[in-house]
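Hi everyone, thanks for making time today. Let me put the model up on the screen, and then we'll walk through a few parts of it together.

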Amino acid sequence: MSNANNLNKNRMRFFLSAFLLILAVGVWSIYLLKDDTPTAGENSRALIGGPFSLTNHLNQHVTDKDFLGKYMLVYFGYTYCPDICPMDLQIMSDALEMLDPEIVNQINPVFVSVDPERDTVDIMAEYVKYFHDDLIGLTGTVEQIDAIKAEYRVYAAKADDTEDYIVDHTSFTYLMGKDGNLVTHFRHAEDPEKMAARITSLIE
């Protein structure tokens, strides 16, 4: 009787061990098949955007939190820019005019100066009038502008030391989500119809 009991116990241990082994292999296989590596797009979205503290063209202090809850269409440039900035801001404005008004109501178009030494609040207030009615101009101290440039991975630097210096800078237009994270970006001289179509497909 004792031998039979021992035999049954050994069988139970064997089947239990086999079951646990199969279970462990199954769990490990699922783990191996699961790919948690971020894609390049996910990495770029995580890298672009972040907190900022600036002054708008109405001379009001604003931070990134003031823009949460709506999309942001953000362009970095400067008012003394001879061609690239006015072109891209006009493209942004034209694209917004092509959108359904309900979509436009969900977007804050924003122009951030990368030339705070010349782009005062008054100059920004006058400049944004030439583009979309809803365009918000943002400027600040050199330190504040350097901070937002770092958050958005924007390059900008004086090309020379003359009085009428130009500023070399990246010329992307960023569409930021309601949560402040990057949704997509548009390159310099983007076709406004394509921009409008892309925005329409991405707005919730």
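Among contacts in the chain between residues at least 6 apart in sequence, what percentage join residues at least 24 apart? It is 70%, where contact means heavy atoms within 4.5 Å.

A word on the source before we go on. This is a predicted model, so local features need pLDDT of at least 70 and side-chain atom pairs count only at pLDDT 80 or more, while totals for chains, interfaces and linings use all residues. Residues are numbered from 1 along each chain as its sequence is written, and side-chain values use heavy atoms, with hydrogens and water left out.

Now the overview. The chain has 7 helices and 9 strands; these are DSSP runs numbered from the N terminus, H or I of at least four residues for helices and E of at least two for strands. Of the 204 residues, 40% are buried, and here buried means under 20% relative accessible area, exposed over 50%, and partly exposed in between, with a 1.4 Å probe and protein chains only.

Let's turn to a helix pair. Helix 3 (residues 84-98) packs on helix 7 (residues 192-202) at about 55 degrees, and their axes are 8 Å apart. Axes are lines fitted to C-alpha atoms, for helices over the stretch in contact, and angles run from 0 to 180 degrees between N-to-C directions. That angle makes helix 3 oblique to helix 7, because under 35 degrees is roughly parallel, over 145 roughly antiparallel, 65 to 115 roughly perpendicular, and the rest oblique. On the helix 3 side, the contact uses I91, M92, D94, A95 and M98; helix 7 brings P192, E193, M195 and A196.

Next, helix 6 (residues 142-151). Which of its residues are buried? They are I145, I148 and K149. These cover an arc of only 105 degrees around the axis, so they sit on the same side of helix 6; the arc is that of the directions from the helix axis to the C-beta atoms. Their cover includes strand 1 (53-56), strand 3 (71-77), strand 4 (107-113), strand 5 (136-139) and strand 6 (156-158).

Most residues other than glycine have a negative phi. R153, in the loop between helix 6 and strand 6, has a positive phi near 55 degrees. A189 lies in the loop between strand 9 (182-186) and helix 7, and its phi is also positive, near 65 degrees. R153 is partly exposed at 48% relative accessibility, and A189 counts as partly exposed at 41%.
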